[in-house]
Amino acid sequence: MTRSSLLCRRWVKGTEPAAPGVRKAGGAGPAFGMTRATPGGRLPQFPWDQLAAAGDTAGNHPHGIVDLSVGTPVDRVPGPVRTALADASNAPGYPTVHGTPELRGAYSAWMDRSHGVGNIDPIAVLPTIGSKELVASLPGQLGLGIGDTVVIPDIAYPTYEVGALMAGCTVVRAEGLMALGPERPALLWVNSPSNPTGRVLPTAHLAKVVSWARARGCIVVSDECYIDLGWDSVPVSILHPEVCGGDFTGLLAVHSLSKRSNMAGYRAGFLSGDPALIASLLALRRHLGQMLPTPIQAAATAALDDDGHVMAQRARYGERRLKLIDAFERAGFAVGHSEAGLYLWCTRNEPASDSVDWLAERGILVAPGTFYGPAGARHIRVALTATDERIDSAVARLVR
Ligand SMILES: Cc1ncc(COP(=O)(O)O)c(C=O)c1O
């Protein structure tokens, strides 16, 4: 277990307001920017900026770069989604933060049909502007702050840490519940299928997490952005009756249309689960104006109503995955986990930067495991998100 503690002070000594967040009119406040600590200063360097040199090397390859680093979809947005977007383009009025009943109903129906969660009341569904903004703001929006602990996976999507640090919480990385000992965290993130490892947490494991958290009054937030992309395992939602007994108290599930529907450019995500938590987040987010644009709501509804495009996209990724597994193994990498999701978690038992540089020389750009925590020091993450032509080019370079 590693603890990245943080010391964040919202107000620099001597400038504390008399009442929290409110200063009396006429009081001599500090000149803005001179004494106030801004939250950005507490965050690590933006990971992707550290890949610039490897990106330049890969970009100089005579057959062009094969970018397997970021995991951004490259295939076409499904036809029904684009039609719905266009049909809803005459949208002069404000959308609501809660979203249309059609959108929330389509989400509930999808969770029932595709993931066996049949009791999501559309009232307790919240559309989000993609899921990254939610992940980054959730601890703060739930009222967590200094003195609260947020547990994230040992090897984790970086924004879990960012969101906790932004709120002033202490972050603990833990591989399992045993590592937490007597810790009583306020919030625990799980991510299955995982970015970056592709690991799937089995039903029994998730059920243990739920009962452990309930015994401690800890909220569990389950990031399920890759739930539709299981290969060797079937991913299960935290809201599934075999995990939570049909009781959503203290549980939240995060979903996204970015990967399963090639809609990363649309920014459409969802939060569902505990009706009381959703209601309080909705009340807050209405004040903040965190609305999904009307045409995007219509497009998202169409995406949730149509399973065909998800199957077709899965098939594309499935083929690319098999080609890349074979090629990376032939190049001396071991592929671990990677049983679901959009990434291969690979190692040649050398520092991640050596693997990144070796691949960059061959024009292939991947992410070092260090982006996801110290435990990723000897791994790289390889995204399946490139065109068939680029994947074939990468394969040819690796098996030569
Ligand atoms: C685990 C995980 N959660 C959330 C996100 C955010 O996705 P989006 O904001 O596109 O919904 C990503 C994106 O890569 C991710 O990998």
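Strand S4 (residues 149-153) and strand S5 (residues 170-174) run parallel and are joined by 5 bridges, where two strands are taken to pair if DSSP finds at least two bridges between them. The strands and helices named here are DSSP runs, of at least two residues (E) for a strand and at least four (H or I) for a helix, numbered from the N terminus. Within this pairing, Thr-149 has Thr-170 of S5 as its bridge partner. S5 is mostly covered, with 4 of its 5 residues buried; a residue is called buried if 20 or more other C-beta atoms lie within 10 Å of its own, exposed if 12 or fewer do, and partly exposed in between, with C-beta atoms placed from the backbone.

Before going further, note that this is a predicted model, in which local features need pLDDT of at least 70, side-chain atom pairs count only at pLDDT 80 or more, and totals for chains, interfaces and linings use all residues. Residues are numbered from 1 along each chain as its sequence is written.

The protein is divided into domain 1 (47-76 + 309-399) and domain 2 (89-305), with bounds that come from an automatic or database domain assignment. The centres of the two domains, taken over C-alpha atoms, are separated by 27 Å. Across the boundary, 28 residues of domain 1 are in contact with 27 residues of domain 2, a contact being a pair of residues whose C-beta atoms, placed from the backbone, lie within 7 Å. On the side of domain 1 that touches domain 2, the elements that give two or more residues are helix H10 (308-330) and S11, and H10 gives the most, with 7 residues. By class, this side of domain 1 has 11 nonpolar, 11 polar and 6 charged residues, where Ala, Val, Leu, Ile, Met, Phe, Trp, Tyr, Cys and Pro count as nonpolar, Asp, Glu, Lys and Arg as charged, and the others, Gly among them, as polar.

S11 also belongs to an open sheet of 4 strands, which has the order S10-S11-S14-S13 and antiparallel pairing. Its edge strands are S10 and strand S13 (367-368), each of which pairs on one side only. S10 and S11 are linked by 3 bridges in the antiparallel sense, with Val-335 standing opposite Cys-346 in S11. The hairpin of S10 and S11 has 6 residues between the strands, and in it His-337 takes a positive phi near 45°. S11 is joined to strand S14 (residues 380-383) by 4 bridges, again antiparallel, and here Trp-345 stands opposite Arg-381 in S14. Of the 5 residues of S11, 4 are buried.

The loop between strand S10 (334-336) and strand S11 (343-347) holds Gly-341. Is Gly-341 buried or exposed? Gly-341 counts as buried because it has 32 C-beta neighbours inside 10 Å. Leaving aside neighbours within four places in sequence, Gly-341 is in contact with Pro-193, Ser-194, Asn-195, Gly-198, Tyr-226 and Leu-229. Gly-341 and Val-200 lie 141 residues apart in sequence but 8.9 Å apart in space, C-alpha to C-alpha.

Not counting residues up to four places away in sequence, Val-382 touches Leu-68, Leu-324, Phe-328, Tyr-343, Leu-344, Cys-346 and Val-366.

The ligand is surrounded by 14 residues, the closest being Gly-130, Ser-131, Lys-132, Ser-256 and Ser-258, where a residue counts as near if its C-beta atom, placed from the backbone, lies within 6 Å. This shell has 4 nonpolar, 8 polar and 2 charged residues. Lys-132 is also one of the buried residues of H4, together with Leu-134, Val-135, Ala-136, Ser-137, Leu-138 and Pro-139. Helix H4 (residues 132-141) is largely enclosed by the rest of the structure, because 7 of its 10 residues are buried. H4 is followed by Gly-143, whose phi is positive, near 85°.

How values were computed:
Contact = placed C-beta atoms within 7 Å.
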